[in-house]
Amino acid sequence: MKYIGAHVSVSSGVAQAPLNAQAIGARAFALFTRNPSRWKSKPISDKEAALFREHCERLGYAPEHILPHDSYLINLGSPDPDKLAQSREAFLDELNRCTQLGLSMLNFHPGSHLRLVDTDACIATIAESINIALDATAGVKAVIETTAGQGSNLGYSFGQIRAIIDRVEDKSRIGVCVDTCHSFAAGYDLASPQGYEATWQEFDREIGLGYLSAMHINDSKKGLGSRVDRHAPIGQGEIGSQFFTMLVNDPRFDNIPLILETPDEALWPQEIEWLYSQIK
Ligand SMILES: [Zn+2]
Ligand SMILES: [Zn+2]
């Protein structure tokens with residue numbers, strides 16, 4: 001079974017997220033549990049958290065199909081000690097919010113070296129940040145997102161993701177979210193049938209398909225290997241609709257959240273409907 005959805009709005013509170021997902025025909029959804037562009041965010045009230053759980057239960061959204069996304073400000077690999085401490089504190093708060101909402105995963109971007117330290121040093125810092133956070137919490141899996149490799153962002157190659165996972169102590173609480181736009185922009189040719197198979201074989205060899213916990217399903221405005229992160233609506237980018245038809249028919253991607261982060265929200269109901277219609 002495929003669980004396709006989108007990153008829905010929480011502008012009127014996190015408890016509205018499952019309602020917004022249902023309104024667009026989604027069977028999975030992503031959300032921010034705090035303001036993604038601010039360091040400070042007020043706590044979620046117990047009432048709001050209870051309402052969120054109630055809505056999820058009533059509408060049939062299980063924790064394994066809900067993928068909260070962390071704040072954009074967090075850099076778990078920051079070479080600046082103050083920023084690193086601030087990031088680790090915010091990441092811990094994100095994990096605690098997931099626990100409060102009864103959720104089991106937190107999706108995050110690995111981090112950036114800001115051209116101040118080398119890749120290996122940054123990877124070691126990211127892994128240490130993850131270990132600290134997992135040590136201080138229970139039950140929520142940290143899900144690393146593949147990046148486009150724009151600027152100094154790490155996590156664009158499967159080898160870099162593997163290197164982070166290698167250093168994580170509790171491997172039962174680490175997972176991977178492949179963002180199709182990002183990985184295509186990073187040079188993984190998902191668009192052609194041969195490239196598609198080669199990419200997943202490489203993922204399995206380098207990381208292991210058992211770690212695949214979620215996907216962000218976006219088309220890409222920019223070309224293969226461009227290292228530029230610009231999402232496009234499904235079928236309107238350089239990856240193209242054939243890829244998405246292969247994806248929804250591939251049993252390797254059953255039972256994990258497949259989340260649209262495509263730029264035109266108004267298209268989400270159609271995109272979800274089209275994706276389901278492609279299942280043979
Ligand atoms: Zn993404
Ligand atoms: Zn992106």
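This is a predicted model: local features need pLDDT of at least 70, side-chain atom pairs count only at pLDDT 80 or more; totals for chains, interfaces and linings use all residues.
Local features need pLDDT of at least 70, side-chain atom pairs count only at pLDDT 80 or more, and totals for chains, interfaces and linings use all residues. Residues are numbered from 1 along each chain as its sequence is written, chains are lettered from A and ligands numbered from 1 in the order written, and side-chain values use heavy atoms, with hydrogens and water left out.

**View 1. Donors of the zinc ion (ligand 1).** Glu-145 (OE), Asp-179 (OD), His-216 (ND1) and Glu-261 (OE) coordinate this ion at 2.0 to 2.3 Å. Donors are N, O and S atoms within 2.8 Å of the metal (3.2 Å for Na, K and Ca); water is not among the atoms, so sites may look incomplete. Along the chain the spacing reads E-x33-D-x36-H-x44-E.

View 2. Glu-145 lies in strand E6 (residues 141–145) and His-216 in strand E9 (residues 212–216), so the pair ties together parts 71 residues apart in sequence. Strands are DSSP runs of E, at least two residues, numbered from the N terminus. Glu-145 is buried at 1% relative accessible area. His-216 is buried, also at 1%. Buried means under 20%, exposed over 50%, partly exposed in between (1.4 Å probe, protein chains only).

**View 3. Donors of the zinc ion (ligand 2).** His-182 (NE2), Asp-229 (OD), Asp-229 (OD) and His-231 (NE2) coordinate this ion at 2.0 to 2.5 Å. Their residues are spaced H-x46-D-x1-H. Asp-229 is partly exposed at 27%, while His-231 is buried at 18%.

**View 4. The zinc pair.** The zinc ion (ligand 2) and the zinc ion (ligand 1) are 4.6 Å apart.

How values were computed: Helices (H or I, at least four residues) and strands (E, at least two) are DSSP runs, numbered from the N terminus.
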